[in-house]
Amino acid sequence: MKTFITFIVSLTLSFYVNEIQANSSLKANFIKGNPNITSIHKMTFGPEGILFIGDSNAAQIVAIDLSEHPKLDNSEVKIDQLDEVIADMMGTTVDQIQITDMVVNPENNNIYLSIQHSSGVPILLRVEENVLKQVPLDNVSFSKTTLSDPVSEEAKDRRGRKLRKWAVADIKYMNGKVLLSGLSNQEFASTFRSIDFPFNEKQTYSSLEIYHAAHGKYETHAPIKAFIPTSINGTQHLVAGYTCTPLVIFPMDKIEPGKHSKGRTVAELGSGNSPVDMIEIENEGNRYLLIANNNRPLMKMDFKDLEAYQGSLTTPVTKKGAAVGVDYVNLPFVNVHQLDKLGDGGFLIIQRETNGNLALKTGNSWWVK
C-alpha cells in the first residue's frame, strides 16, 4: 500500500510539474483564431518557432506559432523569376505585388516571405523544396500587442508620402524582449521600443538622436531602417542603419524607457542610399556585419574594425556619396532586395540579377572571410 501511495504522489507531482512547465511556455497565453493582420512590413523569429510580425497599418506586433512546420534542407535553395512565380500564385501581375520581407527560422532553416498585394491583403509564403506554399493566417495560434503612440495614419513627410508604414521599421527578438525601431507621434519621432514577451500591458519606448553626417546636422525624426543587437567590446549594443546612410551604435544599457538617447555615428556609408537588411555572420572565429542596401552593393564590415573605432562623426560629409568612418568592403552582390542568415555562417538573398531575373538564392559564403 505504501508503495502504491508513493507512486500516486509521484505521479501527481509529475503532473503538476509538467503543467507548470507548460504554462511557463512563451505560448501559454496564445489563442487560436484570426489575428486580423492588415500588413506585414517586418518579420523576425524568436524561440519555439514563434514568428513576430510587424503590422504597421494596424500598429501592432503579432506573434504566431509556426513550430509545426517540419525542418527542411534549404542549403541549395534557388527560385528564379520569384516575382512572376508569386504573381502567378496570386492570380495577378508583378506590378500588383511587393515582397516586403524575408526571414529564416534559425531553428530549422525554414524560409518565409511576406507579400503585400495592391488590394492591401498581406500574404505569408513558405519555401518548401524550392516551391512556394501559402501559410494561412486566418486560423493560427497567436498573441499580439498594440503599439502605444504610433505615428498617425495621416502623418506625411515633406514629399507628401505617408509615414504610417514606419510604425515598425525593423524588428528583432532578444532575451525575452521584442525590439523594434520606428516612428511615434511624439516630438522626437524616431523611437526604439523594447517590449516584454510574453506580451503584457506595460509598454514604454525611448526617443533617439543621431548626427547625420551626409546631412550635416543632428536628427530625431528619421527611423532606424535596419538594426541588430550585438556585442561590441564585451557589452550589448544596438548597431543601427539609417537612410542616406549613417551607421550608428547605441549602448543598450543607455537606451532607457521614456528617455532620450544619443547614438555614436561611426560611419557614413554614402548618401542617396538606404539600408534594407542587416545581419551578423561568423566565420572561422571572425565576426562580420553584412548590410544590404537599396542603392549600393552588399557591404561587409569586420567587427574588429568596428570595435577598434573609438571616434564619432560630428562634422558634415560634403562630398556626394562619400564614405568615412569604419572601413567596409563592397561585395559583388548588387540589387540585393532582402537578406537573412541561413545556417551557420551562410546567408540568403533575394537579388535582381543583371539579366532582370529576381532570384531567391544563397549567397556565396566564400566572400565572408
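**Notebook: sheet, helix, core**

I started at a turn: E6 and E7 form a hairpin with six residues between them, and Asn109 in that turn has a positive phi of about 65°. My element names are DSSP runs numbered from the N terminus, helices being H or I of at least four residues and strands E of at least two. I kept in mind that this is a predicted model, where local features need pLDDT of at least 70, side-chain atom pairs count only at pLDDT 80 or more, and totals for chains, interfaces and linings use all residues. Residues are numbered from 1 along each chain as its sequence is written, and side-chain values use heavy atoms, with hydrogens and water left out.

**The sheet**

Four strands make an open sheet, in the order E6-E7-E8-E9, with antiparallel pairing; two strands count as paired if DSSP finds at least two bridges between them. At the edges I found E6 (97-104) and E9 (131-134), each pairing on one side only. From one strand to the next the twist averages 30°, angles running from 0 to 180 degrees between N-to-C directions of lines fitted to C-alpha atoms, for helices over the stretch in contact.

I went through the pairs in turn. Seven bridges join E6 to E7, and Ile99 stands opposite Ile115 in E7. Between E7 and E8 there are five bridges, with Leu113 facing Leu125 in E8. The hairpin of E7 and E8 has four residues between the strands, and Gly120 there takes a positive phi near 100°. E8 (residues 122-128) is joined to E9 by four bridges, and Glu128 has Val131 in E9 as its bridge partner.

**Helix on top**

Which helix packs on the sheet? I found H2 (residues 82-90), which touches E6, E7 (111-117), E8 and E9, its direction making about 110° with that of E6. Contact here is heavy atoms within 4.5 Å.

**How covered is E7?**

I checked both faces of E7. Ile111, Leu113, Ile115 and His117 point one way and Tyr112, Ser114 and Gln116 the other, and all are buried. Buried is under 20% relative accessible area, exposed over 50%, partly exposed in between (1.4 Å probe, protein chains only).

**The core**

Next I looked up the largest nonpolar core, which has 21 residues; Leu82, Ile86, Leu113 and Leu360 touch the most other members. Such a core is a set of buried Ala, Val, Leu, Ile, Met, Phe, Trp, Tyr and Cys residues joined through side-chain atoms within 4.5 Å. The elements giving two or more residues to it are H2, E6, E7, E8, E27 (346-352) and E28 (358-362). E6 gives the most, with four residues.

I then traced Leu82. Leaving aside neighbours within four places in sequence, Leu82 is in contact with Ile99, Leu113, Leu132, Ile350, Leu358 and Leu360. Apart from this core lies another, of 17 residues, among them Ile228, Val266, Met299 and Met301.

**Whole protein**

The protein has three helices and 28 strands, and 52% of its 369 residues are buried. Along its principal axes the C-alpha trace spans about 85 × 50 × 50 Å.
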